[in-house]
Amino acid sequence: MRVGLLGLGRIGAFHAGTLAGLVEDLVVHDENGELADRMAVALGARTGDPFDVDAVVIATPTGTHAELLIEACARGVPAFCEKPAAPDVPETLKVLEAVRRSGVLVHIGFQRRFDAGYLAAREALLKGELGRLDRVHMITGDPAPPPAAYIAKSGGIFRDCHIHDFDALRWVTGREVETVYAIGSNRGAGFFAKYGDVDNSAAVLTMDDGTLATLQGSRYNGGGYDVRMELAGTTATWAIGLDPRVPLISTEGLLPSGDPWPGFQSRFEAAYKAELIAFLTAVRESGESPCSVDDALAALYIAEAADLSRSEARAVRLAEVMS
């Protein structure tokens, strides 16, 4: 299989290393031509037109995703794209229209769907091992904030960071969010407030079956990278991410045995590889997208509701942002 890769930044370079071991012909491209040349030599790949391929992987800056996905659809090339499909709802709808019109397979990269813990919890819930699901709690804490230049274009903590939690919530539970009440605060660098963002966040979400979900997040989780999800049912409670490297200190003496995760890439390394394998398998077998643009749009709607809730200090129904 011949696969193109657009973008060779941090996650793009990681994907390049993965793809080099999965495909016969890897074509890399980056705005920095010298970087692309070096990467091609290092991996035994080549440079060229990343769309003259059997499938393309898009790992460029967020603002370019929609245009590149629409081009992939126009050229009939199956595409994997890091989240988000587009930075806002109108652009995402344009991508969705292109996908539906062309019939091209597009996979949006929400890697938690491919993490062993999330997979196991979803399966257990589907099998009834938790009984009736009543409560969900989610945490995403970064050990240190991104630079100001990143925050300026990120879309805010709910769109940039918690959109992963929102996708995981829908996927694991199989339910949809009906209402969101979100809050946030600025406890650190001034650039968060400057760009209309917050560095600490919390939310309460009500699902369409009455399940209650809570969420908390931070750009200053100094103990280490912390991503967890708890599912509380009538017969059992399951926890995702409570592993030997979780950045927690227990007052009862139950201490993690390993160093805390330094960041998302190491924490989800296996999941990132698994999602690319799933994408390539879907392309080879003419299968369905493991995570569609419809899924990306659904998560974005939740993020939009959360951001509106925070700015207006009120609960927001999803129907408000979907109309």
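**Charged pairs and strands**

Guide: In this predicted model, Arg170 and Asp295 meet in a salt bridge whose closest N and O atoms are 3.5 Å apart. The two residues come from distant parts of the chain, with Arg170 in helix α8 (residues 163-173) and Asp295 in helix α12 (residues 293-312), 125 residues apart.

Visitor: Are Arg170 and Asp295 buried or exposed?

Guide: Both Arg170 and Asp295 are buried. They also belong to one network, in which salt bridges with shared partners join Arg113, Asp167, Arg170, Glu176 and Asp295.

Visitor: How many salt bridges does the structure hold?

Guide: The structure holds 26 salt bridges. One of them pairs the side chains of Lys83 and Asp160 at 3.4 Å, N to O, and this pair again links distant parts of the chain, since Lys83 sits in the loop between β5 and α4 (89-102) while Asp160 sits in helix α7 (residues 157-160), 77 residues away.

Visitor: And why does Lys83 count as buried?

Guide: Lys83 counts as buried because its relative accessible area is 13%, which is under the 20% cut-off.

Visitor: What about Glu97 and Arg101, where do they lie?

Guide: Glu97 and Arg101 both lie in helix α4, four residues apart, which is about one turn of the helix, and their side chains meet in a salt bridge at 3.4 Å, N to O. Here Glu97 is partly exposed, at 48% relative accessibility, and Arg101 is exposed, at 60%.

Visitor: Which strands does β10 pair with?

Guide: Strand β10 (residues 212-218) is joined by seven bridges to strand β7 (residues 133-141), the two running parallel, and Met138 has Leu215 of β10 as its bridge partner. Seven bridges also join β10 to strand β9 (residues 200-207), in this case antiparallel, with Ala202 standing opposite Gln216 in β10. β9 and β10 form a hairpin with four residues between them, and Gly210 in the turn has a positive phi of about 95 degrees.

Visitor: How many disulfides does the count come to?

Guide: The count comes to zero disulfides. Cys81 is in none, the nearest cysteine sulfur being that of Cys73, 11 Å away.

Visitor: Last topic, the surface: which residues make the nonpolar patch?

Guide: Tyr181, Ile183 and Val204 make a nonpolar surface patch of about 250 Å². Ile183 belongs to strand β8 (residues 177-185) and counts as partly exposed, at 45% relative accessibility.

Conventions. Residues are numbered from 1 along each chain as its sequence is written. This is a predicted model: local features need pLDDT of at least 70, side-chain atom pairs count only at pLDDT 80 or more; totals for chains, interfaces and linings use all residues. Side-chain values use heavy atoms; hydrogens and water are left out. A disulfide is a pair of cysteine sulfur atoms within 2.5 Å. Patches are made of residues with over 30% relative accessible area and no salt bridge: like charges are joined within 9 Å, nonpolar side chains (Val, Leu, Ile, Met, Phe, Trp, Tyr) within 5 Å. Accessible areas come from the Shrake-Rupley method with a 1.4 Å probe; for residues, only the protein chains shown count as cover. A salt bridge is a side-chain nitrogen of Lys or Arg within 4 Å of a carboxyl oxygen of Asp or Glu. Buried means under 20% relative accessible area, exposed over 50%, partly exposed in between (1.4 Å probe, protein chains only). Two strands pair if DSSP finds at least two bridges between them.
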